[in-house]
Every structure is written in structure tokens, then in C-alpha cells.
Amino acid sequence: MAPIPRIGIDAMGGDHGPSVVAQGTVRALRELPGRFAVTLIGDQAEIGPALRKADADGLPIEVVHASERIEMAEKASLAARKAGSSIGVMTQLHKEGRLDAIFSAGNTGAVVATALLGLGRLESVARPALAAFLPNPAGGTVLLDVGANAECKASYLVQFAHMGAVYARYLLGRENPRIGLLSIGEEDTKGNGLVLEALPLLRRAHHLQFIGNVEGRDVFKGSCDVVVTDGFTGNVVLKTAESVAALLVHKMREEILHDPMAMVGTLFMRPALHRLRRSLDWEEHGAAPLLGVNGVCFIGHGSSGSTAIFSAIRTVTEFVEKRVNEHIREEIEADRETAA
């Protein structure tokens, strides 16, 4: 029987600190018993009270003290040099093999920089990429990069496609994932320099079911399983999607409260509305993997609550169990001529 994944969590990351980390961790240990082991990294003086408040007595939670924390506004290059920070200590524990995966809802740039500095990249990977899951009628689409690389080379997008395909295959169950290149039109002649250069490379890539250029609307229609783009564009798409989802929920609630008949109807629709809200709630999907690093690193939204922490632990556990990093290495090596 394979050993259970050992997950390290940055208890000081995010807007809410140790309190929501403790709550999400306790929930995960109770709802996923025996699936993972957990280590919280951060200020013991803050973590201890948070665990007691979350009713963690008797649960197998290890705490490793870290004397420093990285603030959300700190520059990534400076933060990565803070070896005594919760992110730095956590990354070192992973590098030493004492953890199988790490997760932080802290400063994204700092987590990316620290992971690259401390863990390095998988062999043949030029640039790691952040991958986000976006819900749609077809069961969801993986979008990458969503923030690790503001500027990209065309060859990077080919590697993103390989990594995204592996993620979709093993985490979403898509046997032969359809890959799309985000552009301003489906025609081969449309797009900026990066898109025009990447298109023929993706067409030549082996082991990919590349369907060509896709538009922003295709992400939400479910026309493909994986969409690749540069980190600047991907981050804009992701943040826009989160805002639109929140707006839809807000407007729906607002309209119901202003219509007595709608309020009555809501009593009968409550289960369906609850499912709709959950499907649009980014916290249900937890965190984004930093694909391509020589380790397992997930990054959460800065405003992550306990639900997002729970969801992240569930996804990280599955990622390790299914050996996704090993499959990424195999995928890129198998198509090294066009992916490297």
C-alpha cells in the first residue's frame, strides 16, 4: 500500500491567516480520513489558538514553526530570499523530502519565486505555469498560464499544452484532452505575434489533440478541455471570470429579494440554486497547481476561506496520488523536439 501524501500548508498565507487554514484542515481530516498527513508551517503562537478554536484536539496535525511571514505586497524577488518565512521553510521541507506537496494562499509571486529557487524545474521544462479550472457546461476547462509568466515564448505555450493535457487527463478524467490556443478569432491568420508563432508549433506537436485557435467565449462553452495562453492574458481571463460569477450570484439574490413571488419560488428551487452557487464558486475548486516545478506546489486565492482550504487539500491529495508530475515529465520527454 502506497504511503499517504504528506501535505505542507502555509498557515500564515492569505488575507485571513491561521484561522481559516485551521478550519479547512480540520474539515479535510474529518471528511477525508486516512487520505493525507498535514503539517502547518508558521508562527506557533498564532497557529495553536487557531487549532484549538477549530476543535482540532486529537487530530494528527504537525506544526513547524517559522519566525517570518511574507506580506501580500512584498516583492517576489526579495520574499524568495526569506529562508525563515513560512513559505521558505515549507519549500525547504519539500525539497528535503519531508513533504510530498505544499500549498499557500499567500503572495503568489513569492510562492512562485520561492518554488523555482528552492525546487527548480522538471527536466526539459523551460517555464512552469499556473493552471486554473474554470467551470462550464462541458464539465470545466483548464486554463494556463494564469499568472506565472507575464511574457512568454511560443515554445513555452507548447509545454503549457502538454502539462495542461496531463492535468486534464488525470485530474478531470479527459482521456484525450482537446487543446485550444487563446486568440481573438478562430482563423489561423488572427492573433498577435505570440499566437501566430505558437500555432504551427502546436500543430506539429505529438501526443496533443490540438483543435486550433479558440476565443474567450469557448472557455465558457466548453469547446475544449485545455486552453493555453500567456500569464498576463490568462490572469485577466481568470479574474474576469471570478468577477462575473460573483456578479451573477449577487444579481440573482437581489432580484429574488425584490420579488415576493420569486421568494416563494426560491423555496422550491433552493437545492438547484445551491448547486448553481457551488458550481460558480471558485472556493469549491481550491487552488491552482504550479505545473512544471520539481515538486508539487499549489497556490490559492489570497481571500481563500476555509472551504477553499478544504478544496485545495482534496485536490493536492489527488494530484500526488495520481503521480501527475511524473506523467508531465514523461509527456514532455516523449515530445521533446517540439516541446523543449
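These legends describe close-up views of a predicted model.

**View 1. Crossing of helices α1 and α2.** Helix α1 spans residues 18–31 and helix α2 spans residues 44–53. Their axes come within 8 Å and cross at roughly 45°. An angle of this kind makes α1 oblique to α2. The crossing in which α1 passes α2 is right-handed.

**View 2. Residues in the contact of α1 with α2.** From α1, the contact is made by P18, S19 and A22. The residues from α2 are E46, I47, A50 and L51. By class, the residues of this contact divide into five nonpolar, one polar and one charged.

**View 3. The eleven-stranded sheet.** The sheet is open, its pairing is mixed, and its strands follow the order β3-β2-β1-β4-β11-β10-β5-β6-β9-β7-β8. At the edges stand β3 (61–65) and β8 (209–214). Each of these has a single partner strand, so one side of each is left without a neighbour in the sheet. From one strand to the next, the twist averages 25°.

View 4. Strand β2 covers residues 37–42 and pairs with β3 in the parallel sense, over five bridges. V38 has I61 of β3 as its bridge partner.

**View 5. Helix α6 on the sheet.** Helix α6, residues 154–171, packs on the sheet. The strands that α6 touches are β5 (129–134), β6 (141–144), β7 (178–182), β9 (226–228), β10 (287–291) and β11 (297–300). The direction of α6 makes about 160° with that of β9.

Definitions and conventions. Residues numbered from 1 in each chain as written. Predicted model: local features only at pLDDT ≥ 70, side-chain atom pairs only at ≥ 80, totals over all residues. Heavy atoms only, no water. Axes fitted to C-alpha atoms, helices over the stretch in contact; angles between N-to-C directions. Helix = DSSP H or I, 4+ residues; strand = E, 2+ residues; numbered from the N terminus. Parallel < 35°, antiparallel > 145°, perpendicular 65-115°, else oblique. Left-handed = near helix turned anticlockwise from the far one by under 90°. Contact = heavy atoms within 4.5 Å. Nonpolar A, V, L, I, M, F, W, Y, C, P; charged D, E, K, R; others polar. Pairing = 2+ DSSP bridges.
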